[in-house]
Amino acid sequence: MANAQVLYAEDVSGTTTTASSTWVNVCTIAAASFTASKKYLIIANLVSKAGSNADDVGIRLVHGTTPTAFTDADIRYEAPAAATQEHESTYLFNYTQPATTELVKLQINNKQGATTHTAIMGQVIAINLDDVGADGTDYFWAEDLTNYTLTNTATAKATTAAFTPDGGDRWLFIGHQIVYIGATISTPIGFELYDSVAGILNSC
């Protein structure tokens with residue numbers, strides 16, 4: 001296998017905004033960096049904090065010059081403690097670039113009020129999956145974009161096809177979920193990354 005194209009952008013400058021109607025860029029992978037019509041694994045991470053626990057602040061991962069948010073990637077949170085509670089948001093998407101390539105970037109704003117929203121650190125990485133090989137042979141991808149109400153029983157979602165490693169290769173397993181919380185909760189929530197042979201690989 002040839003080396004895979006890997007693109008990366010980060011910002012640790014402490015980008016801030018107090019605007020509720022304007023999205024501010026944190027870090028961007030330029031459109032010209034991508035290869036047209038190629039499939040990319042997009043992983044993004046942002047750590048931020050709000051200056052007030054009275055206002056909601058926003059984070060989103062978008063693509064295109066006229067930004068379009070990835071599915072469920074426009075989120076908001078209300079800090080439980082003003083200016084001290086750091087909030088981490090992560091994203092994982094499989095995205096095929098169109099014939100005219102599009103940028104990918106993280107943005108922040110305030111959903112309400114005028115508090116200062118600070119991006120402490122933002123990171124975006126894009127891996128060309130077509131360079132890796134074929135889906136279902138060289139890598140395996142599954143996702144479930146249907147909304148689901150969590151229960152006390154672990155329920156399988158985004159299950160890949162079964163495969164048998166050759167015993168010599170090393171595999172990277174990545175799992176991700178986006179959770180919407182409609183009200184204050186007291187019961188812990190989480191998810192497990194599960195292998196049908198090895199069992200639970202990781203849980204949080």
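So, the side chains of Asn 45 and Glu 88 make a polar contact of 3.2 Å. By polar contact I mean a pair of N or O atoms within 3.5 Å, where, within protein, one must be able to donate a hydrogen and the other to accept it, and residues adjacent in sequence count only if both atoms are side-chain atoms. Before I go on: this is a predicted model, where local features need pLDDT of at least 70 and side-chain atom pairs need 80 or more, while totals for chains, interfaces and linings use all residues. Numbering starts from 1 along each chain as its sequence is written, and side-chain values use heavy atoms, with hydrogens and water left out.

Back to Asn 45. Where is Asn 45? In strand S4, residues 39–50. Strands here are DSSP E runs of at least two residues, helices are H or I runs of at least four, and both are numbered from the N terminus. Asn 45 counts as buried because its relative accessibility is 11%; the cut-offs are under 20% for buried, over 50% for exposed, and partly exposed in between, with a 1.4 Å probe and protein chains only. Setting aside neighbours within four places in sequence, Asn 45 is in contact with residues including Ser 89, Thr 90, Leu 106 and Met 121, contact being heavy atoms within 4.5 Å.

Okay, next up is strand S5, residues 56–63. 8 of its 8 residues are buried, so the rest of the structure largely encloses S5. Asp 56, Gly 58, Arg 60 and Val 62 point one way, Val 57, Ile 59, Leu 61 and His 63 the other, and all are buried.

Who does S5 pair with? Pairing here takes at least two DSSP bridges between two strands. With S6, residues 68–78, S5 has 7 bridges in the antiparallel sense, and Val 62 sits opposite Ala 69. Those two strands form a hairpin with 4 residues between them, and Gly 64 in the turn has a positive phi of about 95°. S5 is also joined to S8, residues 104–110, by 7 bridges, again antiparallel. There, Ile 59 has Ile 108 as its bridge partner, and His 63 stands opposite Val 104.

Put together, that's an open sheet of 4 strands in the order S3-S8-S5-S6, with antiparallel pairing. S3 (24–29) and S6 are at the edges with a single partner strand each, so one side of each has no neighbour in the sheet. Neighbouring strands in this sheet are turned by 15° against each other on average, direction ignored, using axes fitted as lines to C-alpha atoms (for helices, over the stretch in contact) and angles from 0 to 180 degrees between N-to-C directions.

Gln 5 and Asp 130 are 125 residues apart in sequence, yet 9.1 Å apart in space, C-alpha to C-alpha. Leaving out neighbours within four places, the contacts of Gln 5 include Ser 33, Tyr 40 and Asp 131.

And the whole chain? There's 1 helix and 11 strands, running β-β-β-β-β-β-β-β-β-α-β-β from the N terminus. Buried residues are 31% of the 204. Of contacts between residues at least 6 apart in sequence, 74% join residues at least 24 apart.
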